[in-house]
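Dear colleague,

Please find below the structure I wished to hand over to you. My notes on helix packing and aromatic pairs follow it.

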Amino acid sequence: RWSVTEIEEFWRTIWDYFHVISDAEPGEVLPERVMPGANWFPGTKLNYAEHIFRGKGDDEIAVRYASELRPLSELRWGELREQVAAVREGLQALGVTQGDRVVGYLPNGPEALIAFLATASLGAIWSSCSPDFGPGSVVDRFAQIEPKVLFCVDGYRYGGKDFDRLETVAAVAAQMPSLERIVVFPYLSASPDLSRLEQDPKVAEPVTWEQLSDLGSGAELAFERVPFDHPLWVLYSSGTTGLPKAIVQGHGGILLEQLKKGNLHLDTHPDDRVFWFTTTGWMMWNFLVGVLLTPASIILYDGNPGTPDMGVLWDLAEQTGMTSFGTGAAYIAACMKAGVEPSEGRDLSRLRSVGSTGSPLSPEGFQWVYDHVGQD
């Protein structure tokens, strides 16, 4: 009740409790309660990505990740810092500055996270969708925000099948006149044929992820502090009624919301390992990235949750020592239908919570979790 009646006091308390880093101490929290037009924490300047890296030891694990193409691997905070710094410097070399838009047509792996954090550290604006989107769906989203740089993969694997994406990328680029550079991460092939990206004369030759990183090799990670409401990323509605509608979230607003969500709602602790089954085109990806604002690490997975069988994500839970398993209601319903027994033959003793989002979870779905995953 206090959080919704004493709005200014509540959010100032969140700011103070989590020691938000800003160029200036906030004066008024919310000068006027109006919508639209609410102006939160006026006069403050901060950077979302700076808070992600704050207080993290180089040797601590930040991310565990796996996919149908990759075995389970991990990324430590020191490595993440180094790679984000290199990509940040590379983006600067490509001419990206504060307020420019950078987009990712990427699977849910560490590259999407690194590209986002590098973009955010510059005060540039991020948006992403997954590589299973067709060219029309990608253009419907990205063309609205006029991106300068596009990150993409040459292809991806789903359900045991490989899907080439270079022709799709070429089709997308042809319909986005604002685009100046394409950065390709070789995911399916070690050396994809980039000449297949038939370029508009206005777009410079594509570069590989390695070439971009080499431009900034050895750089120190820095953060451009921006006004509280400066856009951080753009998400989209589903597009069921007309074009997908852009949803803009700012550095300060989403920082405070995710500090609250990750630390208080999720109750994360230093040894927690949080997973959500998502793609880069769903807002749960942005939610999962925000868990890095807490002492916990995150787990990323890219692929079909039914390949080689419906137990693959529960196997991942055991292998990673997952403490929070997040998914959509449809996945739980599919596990029920397939007769999956998550706790049989697997050690899920570290698993503390199961989260479901997307469509509403049926009462039977809730009960299935208690009966087949764990009463606790």
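**Helix packing and aromatic pairs**

In this predicted model, the axes of helix 12 (residues 329-338) and helix 13 lie 10 Å apart, and the two helices pack at an angle of about 65 degrees. Because angles of 65 to 115 degrees count as roughly perpendicular, helix 12 is roughly perpendicular to helix 13. The crossing of these two helices is left-handed.

On the side of helix 12, the contact is formed by Ile 332, Cys 335 and Met 336; helix 13 contributes Glu 364, Gly 365, Trp 368 and Val 369. Sorted by class, the residues in this contact are 5 nonpolar, 1 polar and 1 charged.

The model has 26 aromatic pairs. In one of them, the ring centres of Trp 314 and Trp 368 are 6.4 Å apart and the planes stand at 55 degrees, so this pair is tilted. Trp 314 belongs to helix 11 (residues 312-320) and Trp 368 to helix 13 (residues 363-373), so the pair ties together parts that are 54 residues apart in sequence.

Are these two residues buried or exposed? Trp 314 is buried, at a relative accessible area of 1%. Trp 368 likewise counts as buried, with 7% relative accessibility.

Ring pairs also join the following residues into a cluster: Tyr 48, Phe 116, Trp 126, Phe 151, Phe 185, Tyr 187, Trp 209, Trp 233 and Trp 285.

With kind regards

Key: Residues are numbered from 1 along each chain as its sequence is written. This is a predicted model: local features need pLDDT of at least 70, side-chain atom pairs count only at pLDDT 80 or more; totals for chains, interfaces and linings use all residues. Side-chain values use heavy atoms; hydrogens and water are left out. Rings of Phe, Tyr and Trp (its six-membered ring) pair if their centres lie within 6.5 Å; planes under 30 degrees apart count as stacked, over 60 as edge-to-face and the rest as tilted. Helices (H or I, at least four residues) and strands (E, at least two) are DSSP runs, numbered from the N terminus. Buried means under 20% relative accessible area, exposed over 50%, partly exposed in between (1.4 Å probe, protein chains only). Axes are lines fitted to C-alpha atoms, for helices over the stretch in contact, and angles run from 0 to 180 degrees between N-to-C directions. Angles under 35 degrees count as roughly parallel, over 145 as roughly antiparallel, 65 to 115 as roughly perpendicular and the rest as oblique. A crossing is left-handed if the near helix is turned anticlockwise from the far one by less than a right angle, and right-handed if clockwise. Contact means heavy atoms within 4.5 Å. Ala, Val, Leu, Ile, Met, Phe, Trp, Tyr, Cys and Pro count as nonpolar, Asp, Glu, Lys and Arg as charged, and the others, Gly among them, as polar.
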